[in-house]
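Hi,

Here is the structure I promised to pass on.

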Amino acid sequence: MTEATICVVGASGLVGSNITKAALARGYTVRGTFRDVTDPTKAPYLLALPEGEHLELFSADMANPGAFDPLLENIDCVFIASLIPTYFGPAGKPAREMEDEQGYQEIVRPTLDGCLNILESAHGAGVKDVVICSSTSSTNPIPSVPNKNEVDHWSNEQEQYSVKKYTSAAKTVMEKAAIQFTADRDMRLSILLPTLMLGPAIIPEHANRGFMKSLANMVAGEPPSHQKIPNDSNSMIHVDDLANLFLAAYENPKAKGRYFGVYDSWPWQRIYAAIAELLPDAPMPEPLREPMIDATSFDFTRRDSLGVPLRDIPTILKDTISWLQATGQRLRIN
Ligand SMILES: NC(=O)c1ccc[n+]([C@@H]2O[C@H](COP(=O)([O-])OP(=O)(O)OC[C@H]3O[C@@H](n4cnc5c(N)ncnc54)[C@H](OP(=O)(O)O)[C@@H]3O)[C@@H](O)[C@H]2O)c1
């Protein structure tokens, strides 16, 4: 057990709520933040967590410089899980229809500035340890490499701009700026790089989006979001394991730099075959007719150095589906 106090920025998010849960279970005192902590669809679920009496919630918007100044006083580590992917500008224009200047101003900058605003507040408050949630979208060099690692393999933001992937570029640009900012100020920064996260949701809304929603539909006997099995692969991790990786990155004083927050990547064909074993009566997407591509391959040396045991993909799927079955109608998707 620990006496440390941490701040989780984005505590109502999928990642942030699981970091909060894991930290409370280990005895941390947690300051959780999101933009409106009076939101009845979020705060009550966090405050009802085991050890929730050690959680305090505060409203703060990372877009406002200085908003985190008072919240980061007397904090041992700040976990930043609020750098959400933005796919549309403020007026609703899709990122993929923008030119570079607009893509940078409306998609890249909110992530970059939001992160730097939090880091400025952390530095001002004397916080030395920071763990950021980014994404594997910053780890895709062109041409692709056969076995990627977190040290050598970066996406190139200019290449991402050139194909209008401003949403992905935001992560690449943000990570580089955060690494520079913390290096210049002698702060210790770890960055976790996940893709798909599955597992029981703390806040019901998290089961109503992305692949969780598709799985919930299948549990309810409805079709998945994929009409046809994509000839692609997908990386995944259990949300509880990801939260443990975040805490390990803080708790291990030697941890620093980027870490994959991924268990492994499987082709979708294999993922759906595993789901079919768990849900034999569920509607499935049309099968793949062409030869299956190889899944993305990772070098997990750094991830494994954090010493966190991780559930394999069949266990991740089984745990998620069992939870969806048990919660049933409460999470039934319209
Ligand atoms: N979910 C995934 O499958 C996935 C996959 C790969 C990477 N990631 C990465 O993981 C990180 C967290 O994602 P997530 O899925 O947990 O996101 P999420 O569920 O949408 O949660 C985002 C959190 O940040 C808060 N937030 C959003 N905008 C904010 C702002 N301007 N100021 C302060 N707080 C703000 C949100 O609360 P309010 O909106 O109430 O303020 C919420 O607490 C992101 O960097 C994302 O790219 C996620």
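Before the first residue, one cut-off: a residue is called buried if 20 or more other C-beta atoms lie within 10 Å of its own, exposed if 12 or fewer, and partly exposed in between. Also keep in mind that this is a predicted model.

Let's start with Asn231. Asn231 sits in the loop that runs between helix H6 (210-219) and strand S8 (233-238). It has 14 C-beta neighbours inside 10 Å, so Asn231 counts as partly exposed. Leaving out residues up to four places away in sequence, Asn231 touches Leu288, Glu290, Met292 and Ile293.

Now for Phe298, in the loop between H8 and helix H9 (301-305). Is Phe298 buried or exposed? With 22 C-beta neighbours inside 10 Å, Phe298 counts as buried, because the cut-off for that is 20 or more. Setting aside neighbours within four places in sequence, the contacts of Phe298 are Asn147, Lys148, Phe260, Val262 and Ser265. Ser235 is 63 residues from Phe298 in sequence, and their C-alpha atoms are 9.9 Å apart.

On to the helices. What do H8 (residues 268-278) and H10 (residues 313-327) do relative to each other? Their axes come within 10 Å and cross at roughly 45°, so H8 and H10 are oblique to each other. The crossing of H8 and H10 is right-handed. On the H8 side the residues involved are Ala274, Ile275 and Leu278, and they meet Ile313, Pro314, Leu317, Lys318 and Ile321 of H10. By class, that contact has 7 nonpolar residues, no polar ones and 1 charged.

Last, the ligand. There are 27 residues around the ligand, and Gly10, Gly13, Phe34, Arg35 and Ser82 come nearest. Which elements supply at least two residues of the shell? Helix H1 (14-25) and strand S7 (196-198) each do, and H1 gives the largest share, 3 residues. Sorted by class, the shell has 14 nonpolar, 10 polar and 3 charged residues.

That's what I have for now.

Cheers

Note on methods:
Residues numbered from 1 in each chain as written. Predicted model: local features only at pLDDT ≥ 70, side-chain atom pairs only at ≥ 80, totals over all residues. Axes fitted to C-alpha atoms, helices over the stretch in contact; angles between N-to-C directions. Helix = DSSP H or I, 4+ residues; strand = E, 2+ residues; numbered from the N terminus. Parallel < 35°, antiparallel > 145°, perpendicular 65-115°, else oblique. Left-handed = near helix turned anticlockwise from the far one by under 90°. Contact = placed C-beta atoms within 7 Å. Nonpolar A, V, L, I, M, F, W, Y, C, P; charged D, E, K, R; others polar. Near = placed C-beta within 6 Å.
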